[in-house]
Amino acid sequence: MQGRGAVVVGGTRGIGLAVAQLFAEQGAGVVLNGRDPDTAKQAAEGIPGAVAHPGSPANPEVADALIDRCIDEFGSIDILVNCAGTPGLAAESILRVTSELFRDLIDAHLMTTFETCRAAAPKMVEQGGGSIINTSSFAYLGDYGGTGYPAGKGGVNGLTMAISAELKESGVRANVVCPGAKTRLSTGGDYESHIAELNRRGLLDDASTQAALDAPPAQYAAPTYAYLAGDLAKDVTGQIFIAAGGFVGRFDRQTPAIIGYRDHSDSPPWSMAELHEMLRHT
């Protein structure tokens, strides 16, 4: 990564900070973004060559300025990592979530990712390449409950796949990492109670529950981000990876399974009884 410019959104703590530290060790110039100016400044001071640019990139003006800052400081925007997030799973049940909380969670996870990708993608295309790495979560499957958090993370996946397909011929890659790590989002009594309740209800099996409660340090997730940012991954795009401690995995791309078919040119629509007969066995 020597001589490359990188923006790490959510890079002032947790997984984002571990990613920024590893990028800097690999020779990249890093712009750290976080909402709190003091935290951003302190994080940047601990990473040689890093600069802080605080603010919420869900704001389009902040996102544009963040990408421009990387180009001004380091000459290019070669790597964009979106690692920002905010907790909310325990408080956002569909039975009690407020519209305001839902919008806040969508802003923090999906809109931040969209705005920074929107700002960075044309610059990357113009310079002939780049790597976008967005952060999702196992929670997008719905197993951890919630509304805005899984909806936002599912949106991140779909957005990244679309970006990958559109920009592949321009040399810009886009991938997703679903990390498992001990951060402020996965600690504390409320989080532990939420995981225990999901286990009691049968939504999380015992192995997943133990993994959620005893997650590895963030430094174990960072190498997957570094790999996807570098030349070794020059042919890797449009993938959703898992990085949880010593476990590295990949979600298979969803494809439709044919349950039934009839030609609409010479057959009537399916009846309810026919649909029931087909679907009850799936």
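Guide: Welcome! One definition to start: a residue counts as buried under 20% relative accessible area, as exposed over 50%, and as partly exposed in between. Please keep in mind that this is a predicted model.

Visitor: Thanks! Is arginine 118 buried, exposed or partly exposed, and what makes it so?

Guide: Its relative accessible area is 31%. That value lies between the 20% and 50% cut-offs, so arginine 118 is partly exposed.

Visitor: Why is the contact of arginine 118 with aspartate 64 called a salt bridge?

Guide: The rule asks for a side-chain nitrogen of Lys or Arg within 4 Å of a carboxyl oxygen of Asp or Glu. Here the N to O distance is 3.1 Å, so the pair meets the rule. Arginine 118 sits in helix H4 (residues 99-127) and aspartate 64 in helix H3 (residues 60-74), so their bridge ties together parts 54 residues apart in sequence. Aspartate 64, also at 31% relative accessibility, is partly exposed.

Visitor: What makes these residues part of a network?

Guide: Salt bridges with shared partners join Asp64, Glu115 and Arg118 into one network. By the rule, the count of salt bridges comes to eight.

Visitor: Which residue forms a salt bridge with glutamate 73, and how do you know that it qualifies?

Guide: The partner is arginine 69, with the closest N and O atoms 3.0 Å apart, and the limit is 4 Å.

Visitor: What about aspartate 235 and lysine 234: are they buried or exposed?

Guide: Both are exposed. Their side chains meet in a salt bridge at 3.2 Å, N to O.

Visitor: Is leucine 167 buried or exposed, and how do you know?

Guide: Leucine 167, found in helix H5, has a relative accessible area of 11%. The cut-off for buried is under 20%, so leucine 167 is buried. Beyond its neighbours within four places in sequence, leucine 167 is in contact with Ala121, Val125 and Val172. Other buried residues of H5 include Tyr149, Val156 and Met161. The buried residues of this helix pack against H4, strand S5 (130-135), strand S6 (172-180) and strand S7 (240-244).

Visitor: What makes a set of residues a nonpolar core?

Guide: Its members are buried residues of types such as Val, Leu and Phe, joined through side-chain atoms within 4.5 Å. The largest nonpolar core has 33 residues, and Phe23, Val30, Leu32, Val81 and Tyr225 have the most contacts inside it. Among the elements that give two or more residues to this core are strand S1 (5-9), helix H1 (14-25) and helix H8 (222-229). H1 gives the most, with seven residues. A second, separate core of 20 residues includes Val9, Ile67, Ile77 and Ala119.

Visitor: And how many helices and strands does the protein have?

Guide: There are nine helices and eight strands. Of the 282 residues, 48% count as buried.

Terms used
Residues numbered from 1 in each chain as written. Predicted model: local features only at pLDDT ≥ 70, side-chain atom pairs only at ≥ 80, totals over all residues. Heavy atoms only, no water. Helix = DSSP H or I, 4+ residues; strand = E, 2+ residues; numbered from the N terminus. Buried < 20%, exposed > 50% of the residue type's maximum accessible area, 1.4 Å probe, protein only. Contact = heavy atoms within 4.5 Å.
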